[in-house]
Amino acid sequence: MTHLADPFVADLFVADLFVADLFIDGVWRPGGGGERFDVIDPSDLSVIARFAAATEDDCMAAVDAAAGAQDAWAATAPRERGELLRAAYEILTAEVERFAEIIVRENGKSWSDAIGEANYAKEFFRWFSEEAVRIPGEYRLSPAGDKRIVVDRQPIGVSLLITPWNFPAAMATRKLAPALAAGCTTILKPARETPLTAAYMVEVLRRVGVPAGVVNLVTPVPTGPLVAKMINRPEVRKLSFTGSTEVGRDLLHACADTVVSTSMELGGNAPLIVLPGADMDETIEGTLIAKIRNGGAACTAANRVYVHSSRHDEFVERMTAALSALSVGPGLDRSRQVGALVSVAERDKIADLVDGAVADGATLVCGGKSSELGAFYDVTLLTGVRHGTRINTTEIFGPVVAVVRYDDVDEAVRMANDTEYGLMAYVFGEEREAMAVARRLEAGMVAINRGVVSDPAAPFGGVKQSGLGREGSSEGILEFLEEKYIALNPLP
Ligand code: ADP
């Protein structure tokens, strides 16, 4: 039933053939309709697995299983939940290369990006294993001193977790870990492009002994209508979504009908501002990470690079040299720094944006070409990009540095904020000046003199149309808890 092209994946999947199926109520099983869809390796477009398509009955069975397991899971000791998460972290640590290889095979990213993601992803299990036993509550006296106020925090209930393909592991653990730590049962819906990574992590949770029904995995076909049906089930009390702003808006509408609590991690259009006082070594190194990490397929990727005129030519010269030193190729070849895009469709979107930018007057300094075979796109540098043109207002999601020149810092701040998005921003400059700029930027996260911010211990999330709520940190678990106020009489 499952066609496996690669010996490594064959080794994994022949041993555990069921992982290409759905996971419902503690059992791996094919979809009720018997349909499957292909999982493609974007580096050579070969089919690496055929994954079960979930029907409406399968999705409803997943909701039933999660609802049935909810009370018992909520009643487990926080320490027990924490120790299950910790055990999953230990397995993922021991198997980190296998974990990374699955990510590479279906997502296409480079080996170092995949190892980076695997390590980042498993840290959410460790972090929330520690948070499970620190769920806060409150005890207060009323202002008049005549009553007692207890605030308890209880699991919100069945949680639907929808994840994208760009970080198939980390976006799933960033939701699964806090949900499970809080005492919520879950239904994970990974992106159709990358279900194998999700299946592997769910299998790890099964191996450590997470009870049946607590974690379920479905890949509904068609996605939108079946997700809407799950959201409409009254037992589903939480939607945690990472994906595009467009789909996020639709899901917010769907959640309104049954007043489902939402956490939304949506699109970004991150500005990166190079101030006159920037250290150019730090700037080039940080910009490369902010832009090229994950092949640029990150909602936090630096999408718009605003460089002060006084540093512009130096920046362009050094960035061209740095980009030229990078090698693009299949992620399993560990010598490559940049991997494939997730699909030919994604590659072609990037090519279209770059061609459009050149038509809008930008200059192509290097790159600008798609591969003949596989979903590769050259690392690319564009200068003379004008603020407000399509490439400047669209999430590029590829390895393209698009430089806008500016003369005045106030103007740079104005342009940086001139977007409906507000996830991430980067500032390179003398720290006091950069800090002053950071405070004026409309973004949920700002990096100063560094190219990456992701940290399980820090609150990740956006403002404006980039999202609602925060993931990771101590805030992350609160998204899966509800406050209950218990009113008590005064003490005698
Ligand atoms: P991306 O650009 O990262 O693919 P999407 O928002 O299209 O972003 O996809 C993110 C996740 O949302 C994926 O799991 C995808 O299958 C899912 N998705 C796409 N369309 C819908 C929809 N109409 N309803 C619910 N989930 C959807």
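## Domain organisation

Domain bounds in this report come from an automatic or database domain assignment. The structure is a predicted model, and its protein chain is divided into domain 1, covering 22-267 + 466-485, and domain 2, covering 270-420 + 424-456. Taken over C-alpha atoms, the centres of domain 1 and domain 2 are 30 Å apart. Domain 1 contributes 30 residues to the contact and domain 2 contributes 31 residues.

## The interface between the domains

The size of an interface is often given as the accessible area lost when the parts come together. Between domain 1 and domain 2 the buried area is about 2300 Å², with carbon and sulfur atoms giving 61% of it. On the side of domain 1, the residues that lose the most area to domain 2 are Ser 43, Trp 111 and Trp 165, which together account for 22% of what that side buries.

Polar and charged interactions also cross this interface. One salt bridge is found between domain 1 and domain 2, and 10 residue pairs are in polar contact across the interface. Helix 4 (96-107) and helix 5 (111-131) each provide at least two residues of the side of domain 1 that touches domain 2. The residues of that side comprise 10 nonpolar, nine polar and 11 charged. Arg 334 and Glu 97 form a salt bridge in which the closest N and O atoms are 3.1 Å apart.

## Surroundings of the ligand

Around the ligand there are 16 residues, of which Thr 163, Trp 165, Lys 189, Phe 241 and Ser 244 come nearest. Trp 165 is also among the residues of domain 1 that lose the most area to domain 2.

## Salt bridges

The structure holds 29 salt bridges. One of them joins Asp 58 to Arg 29, with the closest N and O atoms 3.6 Å apart. Asp 58 belongs to helix 2 (residues 56-74) and Arg 29 to strand 2 (residues 27-29), so this pair ties together parts that are 29 residues apart in sequence.

## Backbone features

Most residues other than glycine have a negative phi, and most peptide bonds are trans. The peptide bond from Val 221 to Pro 222 is cis, with omega near 0°. Pro 222 is located in the loop between strand 9 (215-217) and helix 8 (223-232).

Phe 397 is not a glycine, yet its phi is positive, at about 60°. Phe 397 is placed in the loop between helix 13 (390-393) and strand 16 (400-406).

Terms used:
Residues numbered from 1 in each chain as written. Predicted model: local features only at pLDDT ≥ 70, side-chain atom pairs only at ≥ 80, totals over all residues. Heavy atoms only, no water. Contact = heavy atoms within 4.5 Å. Buried area = accessible area lost by both parts, 1.4 Å probe. Salt bridge = Lys/Arg side-chain N within 4 Å of Asp/Glu carboxyl O. Polar contact = N/O pair within 3.5 Å; in protein donor to acceptor, adjacent residues only side chain to side chain. Helix = DSSP H or I, 4+ residues; strand = E, 2+ residues; numbered from the N terminus. Nonpolar A, V, L, I, M, F, W, Y, C, P; charged D, E, K, R; others polar. Near = heavy atom within 4 Å.
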